[in-house]
Amino acid sequence: MISPLSSVVLFHLGPVPISEGVVVTWGIMAMLVLASVLLTRRLSLRPSPTQAFLELVVEAVDSQIRDTMRVEPGPYRAFIGTLFLFIFVANWTSLVPGVDPPTAHLETDAALALLVFLAVIWFGVRAGGMRGYFASFASPTIFMVPLNIVESVTRSFSMMVRLFGNVMSGVFVVGIVLSLAGLLVPIPLMALDLLTGAVQAYIFAVLAMVFIAGVVEDAKPSADDPERKSP
Amino acid sequence: MSIDWWSLGLQTINVAILVWLLGRFFWRPVAAMIAERRETAEATLKAAADRQAEDKAALADIEKTRAGFAAERDAILAAAQDQAETASKARLAEEASAATARASAASAAIAKDRRDAENSWSLSAATLATAMAGRLATRLDGAAVRAAFLEWLLQGIRAQPEAMRLAAAAEASLEATTATALDAAEQDRCRAAIGEALGGHPDITFTVDAALIAGIELRGRHLEVGNSWRADLARIGKELAHGA
């Protein structure tokens, strides 16, 4: 058994090694984009069952953004929704024999955490400008600046480790049980792994919303600070 | 354990591209369709609300028209009732007037019939009395009766105004009517007594009229003295008729 902690390089594009996780990610991307193109070609005012399901997904994401971030979901829908969909589908690729979930590799989780880290900066600057974003580190007092800077890094790191640990452990346990007990014994653990994958996708998306909402709220110009204008 | 930085970078780019692609091909179209459907539904609801408001207004107009109909019907009924009451009162008044007229006519007819009956009975009574008096007169002494009636005639003549008596005495002829025929002696005696009462010597012609029953009457151009039972019965009958 290959250790899940190691990244298997399938081929090289010039000097760039292409690992299995990247290839699986490309497959997931192709599937999601192709499905999106195909399913959204014939949207109409009288929705089909498929369109109703798609609208249900979008409405669920919008509802979560409204409830968690207390803002209109338009600017955040694509990022939060794509994070959830990608992690959800990636976690469930463990159902495909011979395919490891990309999220079971640290590089993918680190990439997702890095994107959240960058998104927090992007939405913070977008909400309050550079001055507002940096002022958010001084919330609630100026003495919190060092702790807030450390927190902005460590919370992204914790997201990475949480997702990696949960998914990797599931794959690891299923692999160990499969190597020891045979074909049918790991099935309950695989079902549990699917549940864990769905929950982790939801948690990752909710945490991303919480972090973005926190910096957006802190970066917004307050009524008693007329010098800070929104961009 | 080590981190493959190439994989980290590629995965970061991959997910960023996926965010853009899904935003372009999934989230935005579906969200736009949701918004369009919501706007359509809101427009439909607004149109339905407007239609409902129009229907309510139309219903209010209908109710108002119905109320007008009801008021008009009440007015028509009230006018018809007043007209019927007026006609009924007029008809009742006419009937009462006609009934009063009929009652008056009936009363007048009854009174006339009563008067006619009374007159008839009076006439019958007078006729009967005349007949009875005639029969009774046949039993009386003719000479004595004639003397009594002659005396009453003379008193009647004397009661006349003197000018009338003188005028009568100057007439060429007077007519003395008796119930029974007088012999010549009685005629002379009557002629003398009458002439004395008149104060002259008029020419007197004697006639007989049994209808007098008893008595002697004198008639001239200027004098007329009724002195008979027929005249007495006629006078008594008039007095009774007036007394009734």
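Strands here are DSSP runs of E with at least two residues, numbered from the N terminus. In this predicted model, one such run in chain B is strand β1, spanning residues 174–178, and B:T177 sits in it.

**Around B:T177**
- B:T177 counts as buried because its relative accessibility is 5%, and the cut-off for buried is under 20%.
- Its side chain makes a polar contact of 2.9 Å with the side chain of B:T207.
- Leaving aside residues up to four places away in sequence, B:T177 touches B:T207, B:V208, B:D209 and B:L212, and also B:G215, B:I216, B:E217 and B:R219.

**Where chain B meets chain A**
- Chain B brings 31 residues to the contact, and chain A brings 45 residues.
- About 3,500 Å² of area is buried between the two chains, with 78% of that coming from carbon and sulfur atoms.
- Two salt bridges are counted between chain B and chain A; one of the salt bridges between these chains pairs the side chains of B:R38 and A:E59 at 3.1 Å, N to O.
- Nine residue pairs are in polar contact between chain B and chain A, both residues being at pLDDT 80 or more.
- On the side of chain B that touches chain A, the residues comprise 20 nonpolar, seven polar and four charged.

Key: Residues numbered from 1 in each chain as written. Chains lettered and ligands numbered in written order. Predicted model: local features only at pLDDT ≥ 70, side-chain atom pairs only at ≥ 80, totals over all residues. Heavy atoms only, no water. Helix = DSSP H or I, 4+ residues; strand = E, 2+ residues; numbered from the N terminus. Buried < 20%, exposed > 50% of the residue type's maximum accessible area, 1.4 Å probe, protein only. Polar contact = N/O pair within 3.5 Å; in protein donor to acceptor, adjacent residues only side chain to side chain. Contact = heavy atoms within 4.5 Å. Buried area = accessible area lost by both parts, 1.4 Å probe. Salt bridge = Lys/Arg side-chain N within 4 Å of Asp/Glu carboxyl O. Nonpolar A, V, L, I, M, F, W, Y, C, P; charged D, E, K, R; others polar.
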